[in-house]
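Subject: Structure handover

Hello,

The structure we discussed is below. My notes on what turned up in it follow; please read them with the coordinates open.

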Amino acid sequence: GLDVVKRNVASLGGRIDIESDLGKGATFTIRLPLTLAIVDGMCVSVGDQTFIIPLVNIVESMQPQAKDIKTLAGDDQLLLVRNEYWPILPLYKSMELEPHFTEPAKGISVLIEANKHRFALFVDALVGQQQVVIKSLEQHYKRVPGIAGATIMGDGSVALILDVESLAMKANADPLQRAS
């Protein structure tokens, strides 16, 4: 059995190290290349910045109509989709960016499900779908709230990969939004 595992790991460009202590047991260390950290994602833009949303979390995307957007106390907004309200999280506010659009009816809402929470992520535009290699920001910089990592795009620019779980917690943190 272990020879099959070793052969498959080697075919991926990785290796298995085994350390054994008599009477204590063995430690198996599997090393895989970083290029295996690949995610299918939807590229979206806010202002001049590109972000990647993992496809596994996307329910659908749409350009909402103004009549489907409800404003609560303050500037919190909800999006009505098929008789359900989704809290709207403007990505430009979370990332402190200058957007092309500040009104949800002029941009795109990406409906996202994560951690049993649902929310509509408001972005300027959809750029396209592609597979990207995840590079850690924590190893070279620091932990950035709402960001899971980064990737280098085909044109050499850097795109940030969104941490949809932390964004879901942020979108659903307001008690008025949880009541919807």
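Leucine 2 is partly exposed, with a relative accessible area of 43%. The model is a predicted one, so please treat every value here as computed from it. Leucine 2 sits in helix H1, which covers residues 2-11. Together with Val5, Ile18 and Phe28, Leu2 makes a nonpolar surface patch of about 360 Å².

Next, the sheet. Five strands form an open sheet with mixed pairing, in the order E11-E3-E4-E13-E12. Its edges are strand E11 (125-133) and strand E12 (147-152), each of which pairs on one side only. On average, neighbouring strands of this sheet are turned by 35 degrees against each other, direction ignored.

How much of E4 is covered? Five of its six residues are buried, which makes E4 mostly covered. Strand E3 (residues 38-46) and E4 run antiparallel and are joined by six bridges. Strand E4 (residues 49-54) also pairs with strand E13 (residues 158-162), here in the parallel sense and over two bridges. In general, strands of a sheet pair through backbone hydrogen bonds, in either a parallel or an antiparallel way.

Cysteine 43 stands opposite isoleucine 52 in E4, and isoleucine 52 in turn stands opposite isoleucine 161 in E13. The hairpin of E3 and E4 has two residues between the strands, and glycine 47 in this hairpin takes a positive phi near 65 degrees.

Now the charged side chains. How many salt bridges does a search of the whole structure find? The count is seven.

- Arginine 82 lies in the loop between strand E7 (77-81) and strand E8 (84-90), while glutamate 60 is in strand E5 (residues 58-62), so the pair ties together parts that are 22 residues apart in sequence. Arginine 82 counts as exposed at 62% relative accessibility, whereas glutamate 60 is partly exposed with a relative accessible area of 24%.

- Lysine 67 and aspartate 68: in this salt bridge the closest N and O atoms are 3.4 Å apart. Is aspartate 68 buried or exposed? At 18% relative accessibility aspartate 68 counts as buried, because the cut-off for buried is under 20%. Lysine 67, with a relative accessible area of 57%, is exposed.

- Lysine 106 and glutamate 103: the closest N and O atoms are 3.8 Å apart, and the pair forms a salt bridge because the limit is within 4 Å. Lysine 106 counts as partly exposed at 48% relative accessibility, and glutamate 103 is partly exposed too, with a relative accessible area of 43%.

Regards

Notes
Residues numbered from 1 in each chain as written. Predicted model: local features only at pLDDT ≥ 70, side-chain atom pairs only at ≥ 80, totals over all residues. Heavy atoms only, no water. Patch = residues over 30% accessible without salt bridge, like charges linked within 9 Å, V, L, I, M, F, W, Y side chains within 5 Å. Areas by Shrake-Rupley, 256 points an atom, 1.4 Å probe, with all protein chains shown as cover. Helix = DSSP H or I, 4+ residues; strand = E, 2+ residues; numbered from the N terminus. Buried < 20%, exposed > 50% of the residue type's maximum accessible area, 1.4 Å probe, protein only. Pairing = 2+ DSSP bridges. Axes fitted to C-alpha atoms, helices over the stretch in contact; angles between N-to-C directions.
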